[in-house]
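Dear colleague,

Please find the structure below, handed over for your own work.

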Amino acid sequence: MGAASIKPSEAQADVADNLPPNVPEWMKAQGAPVLHPAYGVPSPFEADVVRRARSRARMSTAASSTTPLQDLHGIVTPNGLHFERHHAGVPTIDPEQHRLMVHGMVDRPLIFTMAEIMRFPSQSHLYFLECSGNGSFAGLPSTATAQDTHGLISCCEWTGVPLATVLAEAGVQPHAAWVLAEGADGAGMTRSIPIAKAMDDALLAYAQNGERLRPEQGYPLRLFLPGYEGNMSVKWLRRLKIGDQPFETREETSKYTDLMPDGTARQFTFVMEARSVITHPSGGQTLDGHGFHEIAGLAWSGHGKITRVEVSVDGGAHWRDAKLQTPVLPKCLTRFRAAWTWDGAPARLQSRATDESGYVQPTRDMLVGARGLNSGYHDNAIHTWGVLADGSVINAT
Amino acid sequence: MVLAFALVLAGASGAGARPQPTYGLGRPATPREIAGWDIDARADGAGLPPGHGAVSDGQAIFEHRCAACHGENGEGGAADALVGGAGTLATAKPVRTVGNYWPYATTLFDYVRRAMPFNAPQSLTADQTYAVVAYVLFLNHIVPAKAVLDAKTLAAVKMPNRGGFRSPDPRPDAP
């Protein structure tokens, strides 16, 4: 924390001096001037609200970091806290030297500068982005936080040009069925995108939350596929090749395929199904006494809007509706809240989301029953937090 | 929406009336520019470059450029195992490697060409890439020691798990 250099005895004295009836010291002097710093940063007292490595990565540039969901409010993820997943690190790209090439089954192969991309009619949308590896069928330790269990999801306002607009400039030919998206990183990340998704709501995004993309989110240009597994929203986008069949890249064959108990694997499982998690109270937190506590959390669906979130404090035996905070937007995080009076008894907190397709978030047993324990991706099961008699909250899934 | 409507109209009126650009942004990509960036290789072999490589040549490249992370015999290390795992996919502890999981040999070429070696992506020539791919396939007993791979022979390689993938997406599957 920012006050770490102050000795505890001094800190206690300071605290007393700053509490009623005394006048706090920060009212007796001028504070910091403007432009210190020119680009603002969080309070030093929030220094522990940071991304964390998801696990000990064997390669630091082929790794992921997680969003501290338990410390965030509302639905928007600050840009500096958006989760990361890179396969060859974060390239430093001069936008003046970046190009987007569109070719393959098009009438007019084209190259665009960033300035040209940004001249197209633009759109902004609030969308979540979730890695399909967000979760663990094998389970995590009781010390796991919401950041550990669900932190590969973030939500931003993304601004860019619809992919359909740019493809129309090139003139997509009949029988085109797939679009290969390729990144300009050292992995040359590639995924095949169904043409229907490309023509639907796919975005070529160059801004997030009002500012240009962060380098770790694909600066200067990324593909954004609302509701689809995060890996397909290729960052540092440099090339779109239109074809009549999938390109069978490494990331859609050896990875991001879901192994079933019979040894076969599901391929091209794109949509992130409805899911929710309680972020308060959640793993690692401690309830500060009996009485009122607001249960709050996040729900989302790659199929559209969240229509209902229910919460349980007894491990799923009884459910009641949570309130949905507006706006409730398609393919976007929805904040839910429910009042709770904790009587001091151990409790098991769960949330269950329903989306506008009618799909209801499954239990872990249902999911494992259908897919076994080795499918790896697309874990959207109901999560359980355990509240112990001393108020500490543990991962109980 | 206007653009989509225009596309539908043009499609209905047949070839020769294909939609023209609306905004006039961007410039034509030249064949030379495309050739430099068009590095993908598809399962049917489309995109594989001219050139060839032998297992024996691949062994030397592998030992020099790959073994430090993938193990001397592709058994894995700091990076994924490339060899082994036969018979494990339907067990409690599946091991997924090039040999027992990857459905297409062309994918290995595509991936090595664009992303490997880890410390110097896009540094191998086409011949070197064919050679190291041949060696990894040899380590998996998929091609013989004397194999020389090129665009045609690589695309013809049948991987053991070629039939192991299912689509389209069967979800929702639970409940």
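**Findings**

In strand 10 of chain A, A:A205 is the bridge partner of A:G160. This pair belongs to the antiparallel pairing of strand 7 of chain A with strand 10 (residues 203–208) of chain A, which extends over five bridges. Please note that the model is a predicted one.

Strand 7 of chain A has a further partner. Strand 6 (residues 123–130) of chain A runs antiparallel to strand 7 of chain A, and eight bridges join the two. Within strand 7 of chain A, A:E157 is the residue that stands opposite A:L126. Strand 7 itself, residues 153–162 of chain A, is mostly covered, with nine of its 10 residues buried.

Turning to chain A as a whole, its secondary structure comprises six helices and 24 strands. Buried residues account for 49% of its 397 residues. Of the contacts in chain A with a separation of 6 or more, 71% are between residues 24 or more positions apart. Along the principal axes, the C-alpha atoms of chain A fill a box of roughly 75 × 55 × 40 Å. The radius of gyration of chain A is 23 Å, which agrees with the value near 21 Å that a compact globule of 397 residues would have.

Strand 4 of chain A and strand 13 of chain A run parallel and are joined by four bridges; A:V102 has A:L240 in strand 13 of chain A as its bridge partner.

The contact between the chains takes 54 residues from chain A and 47 residues from chain B. On the side of chain A that touches chain B, at least two residues each are supplied by several elements, including strand 4 (99–104), strand 5 (110–113), helix 4 (163–170) and helix 6 (364–371) of chain A. The residues of that side of chain A divide into 24 nonpolar, 17 polar and 13 charged.

A parallel pairing also links the two chains: strand 15 of chain A is joined by two bridges to strand 4 (residues 165–166) of chain B. There, A:R266 has B:R166 in strand 4 of chain B as its bridge partner.

With kind regards

Technical notes
Residues numbered from 1 in each chain as written. Chains lettered and ligands numbered in written order. Predicted model: local features only at pLDDT ≥ 70, side-chain atom pairs only at ≥ 80, totals over all residues. Contact = placed C-beta atoms within 7 Å. Nonpolar A, V, L, I, M, F, W, Y, C, P; charged D, E, K, R; others polar. Pairing = 2+ DSSP bridges. Buried ≥ 20, exposed ≤ 12 C-beta atoms within 10 Å, placed from the backbone. Rg over C-alpha atoms; globule rule 2.2 N^0.38 Å.
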